[in-house]
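This briefing sets out the fold, surface and selected local features of the structure shown below. The points are grouped by topic.

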Amino acid sequence: MRARVLWLALAGLGGCRGATSGDPYVPARDDVVLESASRVPSTAASPSTDLASATTSAKQLIAESRKTGDPRLLGRAQATLAPWWELAAPPDDVLFLRATIRQNRHEFSTALADLDQLLAHQPNEAQARLSRAIVRAVLAMYPEAMADCDALAGHSAPVIVAVCRAGILSVTGKTSAAIASLGPFVTTSGEWQAWALSVHGEAASYAGQNDVAERSWRTAIALDPTDDYSRAALADLYLDTQRFAEARALVGDRLDNDGMLLRVVLAEAGGHLPNAADHAARLRERYAASRARGDTVHGREQARFALLDHDPALALELARANWATQHEPWDARVLMEAALATSQPSAAAPALAWLAQTGFEHPLHRKLAAQLNAAPR
Amino acid sequence: MRLGRVARLVVALAFVGIGFANRADAHKPSDSYLVLRSDGANLVGRWDIALRDLDYAIGLDADHDGSIRWGEVRAQHGAIATYALARLTVTRGGAPCIAAPTAEQRIVEHSDGNYTVLDFTLTCANASTSLAIDYRLFFDLDAQHRGLVRVTGADSLLVLKTDLRHAEVTLVEPSRGAQLHHALREGTHHIWEGIDHLLFLLALLLPSVLRRRPDGWEPVPKFSAALVDVLKVVTAFTLAHSITLTLAALDVVRLPSRLVESAIAASVMVAAANNLIATSERGTRRRWTVAFALGLLHGFGLSATLTDLGLAGDRLLVTLVGFNLGVELGQAVVVAVFVPLAFLLRRTRAYRVLALQAGSIVIIALALVWLIERAFAVRIIS
């Protein structure tokens, strides 16, 4: 036992010497692995002006980006489309890819314009229509989004139409209808089951049915362990119900992913779990780097972290900027929380307006709204 | 029209990308970090470029085994420098500066992986304070790449992107005072992180509060005796490492870092072993010679950071003096904490047995591990 303690002490002490992460160094040996090589071949040697090969490369990069969650690949995809990117009316293939890339960067207005143009040429293009339904919902254009979902009927599998509609129903105060409409699809195995379960979980959580939400999300994750969306949503549910250890366990060692790292930090802080300070420092550094380069994609998550990090002023600034680009339940929530934290209830006016417009039912949102309305101005 | 397989992929992306709520991205978009520093009429640059980006641009995985290894990166040093520097233009007072990479190549870790550190000099025709930077690295391959440029002496960070490739900066030379202060802090910071340097010194200082007798150790009666001994050892160590630090910084003497680091580990072993095998008082009184002789090695080890601080031209003295002072200050703090404590405890058996003997054994063991790690380039506890 004593030897073990001694060894640990030695390791602790010995580990101190050496380059601190962030200091330049010369690797010890030639065979030390520094990075993994790119899986998608570069077009650097022969940049293409041929539409077909450019769109193929772009699709490859986008698919890889989806698999790994790496935004770098979207920048590369955009570069392969460079000859057409700035055109007001590029070929339809490019339009759709451009819309997809813009969506991913949360440039929803320009993505919407692209999808509008594409669907004007090709009204039966189901992928584009589903994308537009999603983008319209993010921009709180609910009747229009629902119209897109309805237009899918007859062109697409019933499950797709149902999930499309359910997503909109659940944020406009009709969670029971949403849950009911998804009923048959969450139990039918198939390529869309995980997606249906994800949205089903969401609808249930908005209705305050946490057990149902948890079951649906757990099943979704079991079906598809790469489903970060369900994983993050479930982690948030655990965080809201003070189940910090479970939230931490759910994320595991996915610390390279900023969204997951945020949940790790929130879980460790809430549950007083080990490594809290270290992980928070790491996240803070990453967010600072993101702001330094001028990115605003993570506004919502950064606002959530700023609230934890005792910087409510920054949280409000981020939440406001975030609300300018997207209006989803979490965006409203973080704006309300930041307004309360800075004692500026009027700052939450847009979120309250959104609540009134949608009839959104989540108990937590209702509670925040009540607090804001009761707060002295 | 049924959604086909590719469609499903894209739909899933759209869904997963934002779905009915947003998924946070993993990793980070592409950035490079460029720091430019003025050095008389010339400029010194350090450019951190992501290995992933370089691999995409020019290919780094020579043996196609899916991994980019140090040997492969090293072999491409020239190609990397040529590629990058061809995509950066710096003009000073309207005249373009000529870039030349240094031979040294290093790696640095940023939050999204390993980057190559490209150190280079820019030879300019004049010493004007107005700089213009034209940056075009990777924009043709990654439309979201950003160049984060910092010019020391100009406060703000420049963010260069595909639709903003040009920036103009007015140089403000930091005052000598500011530079001295900066170097001082670096020196202090560096010695406090240099556990091997500190342990070397502490190993030599452990017997300062004791006197060696043929049959063992006994406590020194007066503080002044201990103090004199401490001063001898510390001064010898300080003098020695200051000399070699200066020689290394001025590039008068250049030793391979692996050799130096291994020798430093060995020196720590010697210093600690000395406490165990010393049998005569004369031997212990000569510890300052050991401090001097082996301290020479430590100066080489400490010089590694100096290159990044600015060592050319008229600022050399300021940086060197500042850094050295910082090291001595940091060292003085450690000594000032240790010596009174040791003096107070010198009469206890615990000090003679645990601190001096067991402590020296522990230091030897640790230094031995370091020696093996550094000599054979392995990681055991680091």
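A residue is called buried under 20% relative accessible area, exposed over 50% and partly exposed in between, with a 1.4 Å probe and protein chains only. This is a predicted model, in which local features need pLDDT of at least 70 and side-chain atom pairs count only at pLDDT 80 or more, while totals for chains, interfaces and linings use all residues; side-chain values use heavy atoms, with hydrogens and water left out. Residues are numbered from 1 along each chain as its sequence is written, and chains are lettered from A and ligands numbered from 1 in the order in which they are written.

**Secondary structure and overall dimensions**

- Chain A contains 21 helices and one strand, whereas chain B contains twelve helices and 14 strands; helices (H or I, at least four residues) and strands (E, at least two) are DSSP runs numbered from the N terminus.
- Chain B has a radius of gyration of 27 Å, but a compact globule of its 382 residues would have one near 21 Å.
- Along the principal axes, the C-alpha trace of chain A spans about 70 × 65 × 45 Å, and the C-alpha atoms of chain B fill a box of roughly 95 × 60 × 40 Å.

**Burial, contacts and surface**

- Buried residues make up 53% of the 377 residues in chain A and 53% of the 382 residues in chain B.
- Among contacts with a separation of 6 or more, residues 24 or more positions apart account for 49% in chain A and 73% in chain B; a contact means heavy atoms within 4.5 Å.
- The accessible surface of chain A comes to about 15,700 Å², with 56% belonging to carbon and sulfur atoms; areas come from the Shrake-Rupley method with a 1.4 Å probe, and for residues only the protein chains shown count as cover.
- For chain B the accessible surface is about 16,300 Å², and carbon and sulfur atoms supply 63% of it.

**Helices of chain A**

- Helix H16 (residues 276–292) of chain A has 17 residues and should span 24 Å at 1.5 Å a residue, which agrees with the 24 Å between its end C-alpha atoms; the expected span is 1.5 Å times one less than the number of residues.
- The buried residues of H16(A) include A:His279, A:Leu283, A:Arg286 and A:Tyr287, and its buried residues pack against helix H14 (244–251), helix H15 (258–271) and helix H17 (299–308) of chain A.
- Helix H3 (residues 72–80) of chain A is mostly covered, with nine of its nine residues buried; among them are A:Arg72, A:Arg76 and A:Gln78.

- A:Ala140 is not a glycine, yet its phi is positive at about 60 degrees; A:Ala140 lies in the loop between helix H7 (126–138) and helix H8 (142–152) of chain A.
- A:Ala140 counts as buried because its relative accessibility is 14%.
- B:Phe138, also not a glycine, has a positive phi of about 70 degrees and is found in the loop between strand S9 (130–135) and strand S10 (146–151) of chain B.
- With 2% relative accessibility, B:Phe138 counts as buried.

Key
The radius of gyration is taken over C-alpha atoms; the globule rule is 2.2 Å times the number of residues to the power 0.38.
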